[in-house]
Amino acid sequence: MKKKVAISIMTLASIAFLTACGNVSTGNSNSTTGTPIDKTVKIGINLEETGATGAYGSAEQRGAKLAIEEINNAGGVDGKKLEVKDYDNKSETAEATNVSSKLVSQDKVNVMIGPATSGATAAAVKNADKAGVPLITPSASQDGLTKGHDYLFVTIFQDSFQGKILAKYADTLNAKKVILYTDNGSDYAKGIAKAFRDAYKGEIVADETFTAGDTDFQAALTKLKNKDFDAIVIPGYYTEAGKIVNQARGMGIEKPILGPDGFNSEAFVQQATAERANNIYYVTGFSTTGDMTEKTKKFLEAYKAKYNEEPSMFAALAYDSVYMAAEAAKGAKTSVDINNNLAKLKDFEGVTGKMTIDKDHNTEKSALMVTMNGGKVEKVETVEP
């Protein structure tokens with residue numbers, strides 16, 4: 001089931017540009033020749049395949065490799081196959097930097113996919129800028145991430161976009177009083193929380209924080225339980241959010257719980273348990289439930305056939321990122337050409353929607369709001385920018 005959620009033109013304009021990161025500098029693009037494209041188009045994968053955010057990165061690796069396989073089976077790009085160099089950054093910022101350095105200096109790749117997270121991407125892109133090699137992050141959504149970086153492109157929507165959607169959806173749920181419970185160690189979470197505070201029209205009766213890696217939320221939830229509230233908003237990742245849901249439901253807190261795309265993982269349901277993952281609402285850029293384009297249906301079928309599981313949003317974003325790179329590689333002689341073509345990409349149809357790269361190298365696209373009960377997606381609503 002899929003229905004449109006109305007959002008005012010003013011609100012949506014601010015979603016895309018309120019925390020505008022300014023024009024992307026063009027200095028780097030004029031000072032490097034990049035890496036040449038020879039007999040193959042070399043793609044480097046730099047993802048969190050293990051470690052704290054391994055659920056995201058490993059899904060993205062699978063989505064990226066499926067896209068590469070499909071493109072090669074169809075003849076490649078301009079008759080040239082995609083050659084892959086794949087390294088695990090282990091969810092470590094320093095390792096993400098090391099991997100990006102290896103990819104551009106030793107492997108001489110023409111385009112990089114990943115990292116998945118904002119902190120790792122911010123660290124890795126410095127090497128991309130120096131080498132003149134475009135880096136496409138499927139899911140790093142921090143506002144302002146592309147500022148000053150000629151060679152960074154973001155496939156997912158930004159954090160401020162999610163915060164505003166959550167604020168709007170809290171209104172849709174008639175939640176006039178909410179508890180905001182934020183991961184205080186994550187720029188991703190803090191950016192979403194800030195945008196939520198700025199946009200929410202109701203009352204935030206408690207504005208509390210937790211720390212990534214926490215496992216016991218009983219004390220905080222006990223303090224919050226007796227407050228007068230209509231919903232809990234949790235900007236953060238599945239690693240803690242799933243446990244918070246589990247413990248909150250176990251204490252009898254049954255009010256709606258809203259979250260960003262960090263909830264979008266099977267691991268979230270595993271942490272929360274299907275029995276307790278009820279009355280959950282989260283933002284996503286992709287869903288296997290509801291109306292789908294023919295391209296999305298084919299992707300879903302191919303992914304399930306290859307991996308025997310349904311793709312997550314992260315797998316779909318990486319799949320789209322590779323196809324964007326392949327599109328930009330058409331007619332390109334160097335990585336700089338790929339970069340310039342990516343910057344001009346408009347109305348590109350991906351499995352996560354129709355995408356246009358804006359002046360800051362972010363992607364203009366729609367989002368979805370998911371309703372979950374019993375650990376299963378029950379409803380998907382489209383939010384159009």
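# Briefing: domains, core and local features of a predicted model

The domain assignment divides the protein chain into domain 1 (40–157 + 292–365) and domain 2 (159–284); such bounds come from an automatic or database domain assignment. This is a predicted model, in which local features need pLDDT of at least 70 and side-chain atom pairs count only at pLDDT 80 or more, while totals for chains, interfaces and linings use all residues. Residues are numbered from 1 along each chain as its sequence is written, and side-chain values use heavy atoms, with hydrogens and water left out.

**Domains and annotation**

- The C-alpha centres of domain 1 and domain 2 lie 29 Å apart.
- To the contact between them, domain 1 contributes 15 residues and domain 2 contributes 15 residues; contact means heavy atoms within 4.5 Å.
- An unreviewed UniProt entry places the feature "domain: Leucine-binding protein" at residues 40–375. UniProt positions are given in the numbering used here, feature names are shortened, and annotations may be inferred rather than shown by experiment.
- The span of residues 40–375 is 42% helix and 20% strand, and its end C-alpha atoms are 43 Å apart. Helices (H or I, at least four residues) and strands (E, at least two) are DSSP runs, numbered from the N terminus.

**Nonpolar cores**

- The largest nonpolar core has 99 residues, and those with the most contacts inside it are Phe196, Phe268 and Val322. A nonpolar core is a set of buried Ala, Val, Leu, Ile, Met, Phe, Trp, Tyr and Cys residues joined through side-chain atoms within 4.5 Å. Buried means under 20% relative accessible area, exposed means over 50%, and partly exposed lies in between (1.4 Å probe, protein chains only).
- Helix 11 (residues 313–329) gives the most to this core, namely 14 residues.
- At least three residues of this core come from each of domain 1 and domain 2.
- A second, separate core has 14 residues, among them Val99, Ala124, Ala128 and Leu152.
- Apart from neighbours within four places in sequence, phenylalanine 268 is in contact with Tyr238, Ala241, Gly242, Val245, Phe263, Ile280 and Met372.

**Strand pairing**

- Strands of a sheet pair through backbone hydrogen bonds, either parallel or antiparallel. Here, two strands pair if DSSP finds at least two bridges between them.
- Strand 2 (residues 41–47) and strand 3 (residues 82–88) run parallel and are joined by 7 bridges. Isoleucine 45 has aspartate 86, in strand 3, as its bridge partner.
- Between strand 2 and strand 3 the chain passes through helix 2 (residues 54–73), and this β-α-β crossover is right-handed. A crossover is right-handed if, with the strands pointing away from the viewer, the path from the first strand over the helix to the second runs clockwise.
- An open sheet of 3 strands has the order 12-13-14, with antiparallel pairing. Strand 12 (348–350) and strand 14 (363–364) stand at its edges with a single partner strand each, so one side of each is left without a neighbour in the sheet.
- Strand 13 (residues 353–357) pairs with strand 14 over 2 bridges in the antiparallel sense, and threonine 356 stands opposite glutamate 364 in strand 14.

**Backbone features in loops**

- Glycine 114 and proline 115 are joined by a cis peptide bond, with omega about 10°. Proline 115 is in the loop between strand 4 (111–113) and helix 4 (118–131).
- Asparagine 308 has a phi near 60°, a positive value in a residue other than glycine. Asparagine 308 belongs to the loop between helix 10 (294–307) and helix 11, and it is exposed, with a relative accessible area of 72%.
- Aspartate 347, also a residue other than glycine, has a positive phi near 50°. Aspartate 347 is in the loop between helix 12 (335–343) and strand 12, and its relative accessibility of 46% makes it partly exposed.

**Two buried helix residues**

- Glutamine 61 is in helix 2 and is buried, with a relative accessible area of 18%. Not counting residues up to four places away in sequence, glutamine 61 touches Leu47, Glu49 and Asp86.
- Alanine 170 is in helix 5 (residues 159–172) and is buried, with a relative accessible area of 0%. Beyond its neighbours within four places in sequence, alanine 170 is in contact with Ala175, Phe196, Tyr200 and Leu258.
- Alanine 170 and proline 256 are 86 residues apart in sequence, and their C-alpha atoms are 9.2 Å apart in space.
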